[in-house]
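Load up the model and follow along.

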Amino acid sequence: MANIASARKRIRQTAKRTARNTARKSRMRTFIKKVETAIAAGNHDEAREALRVAQPELQRGVIKGVVHANTIARKISRLSARVKSLATA
């Protein structure tokens, strides 16, 4: 255990940040899961709406530094391609 005051403060800050980041990642996964569920059900309108709602939340993860920008770009691209393929099918 840390004895120096600044080190104790760092531990507290890290714990807070970790909890915040974990919650944000979980929230992002939930939004992705909603889109994937709509895709699996074959409901194009619902999937498109879920993706529209999910995109800002995923981008917020990038802005807050929880995930890498390219990771979210890849996920959004793949999800939107799958949603788009529902319309033609």
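Which residue just after α2 takes a positive phi? It's Gly-65, with a phi of about 80°. Keep in mind that this is a predicted model.

## Helix α2 from end to end

α2 covers residues 44-63, so to speak a run of 20 residues. From its first C-alpha to its last, the helix reaches 29 Å, close to the 28 Å expected at 1.5 Å a residue. Along the way there's a bend of about 30° at Ala-54, and a proline, Pro-56, follows within four residues.

The N-terminal end has a cap: Asn-43 places a side-chain oxygen 3.4 Å from the backbone nitrogen of Asp-45.

## What's tucked away

Which residues of α2 are buried? They are His-44, Ala-47, Ala-50, Leu-51, Ala-54, Glu-57, Leu-58 and Gly-61. Note that Ala-54, where the helix bends, is on that buried list. The cover over these residues includes α1 (5-41) and α3 (69-88).

## Packing against α3

α2 and α3 pack at an angle of about 175°, and their axes are 10 Å apart. That angle makes the two helices roughly antiparallel. On the α2 side, the contact is made by His-44, Ala-47, Arg-48, Leu-51, Gln-55, Leu-58, Gln-59 and Val-62. From α3 come Ala-69, Ile-72, Ile-76, Leu-79, Ser-80, Val-83, Leu-86 and Ala-87.

## A closer look at Val-62

Val-62 sits in α2. Is Val-62 buried or partly exposed? Its relative accessibility is 22%, so Val-62 counts as partly exposed; the buried class stops under 20%.

Setting aside neighbours within four places in sequence, Val-62 is in contact with Val-67, His-68, Ala-69 and Ile-72. Two of those names, Ala-69 and Ile-72, also turn up on the α3 side of the helix pair. As for Val-35, 27 residues apart from Val-62 along the chain, the C-alpha atoms of the two are separated by 19 Å.

## Over to Thr-14

Thr-14 has its place in helix α1. With a relative accessible area of 42%, Thr-14 is partly exposed. A polar atom of the Thr-14 side chain lies 2.8 Å from the backbone oxygen of Arg-10.

How far apart in space are Thr-14 and Val-66? They're 14 Å apart, C-alpha to C-alpha, and 52 residues apart in sequence.

Key: Residues are numbered from 1 along each chain as its sequence is written. This is a predicted model: local features need pLDDT of at least 70, side-chain atom pairs count only at pLDDT 80 or more; totals for chains, interfaces and linings use all residues. Side-chain values use heavy atoms; hydrogens and water are left out. The expected span of a helix is 1.5 Å times one less than its number of residues. The bend at a residue is the angle between axes fitted to the seven residues ending there and the seven starting there. Buried means under 20% relative accessible area, exposed over 50%, partly exposed in between (1.4 Å probe, protein chains only). Contact means heavy atoms within 4.5 Å. A polar contact is a pair of N or O atoms within 3.5 Å; within protein, one must be able to donate a hydrogen and the other to accept it, and residues adjacent in sequence count only if both atoms are side-chain atoms. Axes are lines fitted to C-alpha atoms, for helices over the stretch in contact, and angles run from 0 to 180 degrees between N-to-C directions. Angles under 35 degrees count as roughly parallel, over 145 as roughly antiparallel, 65 to 115 as roughly perpendicular and the rest as oblique.
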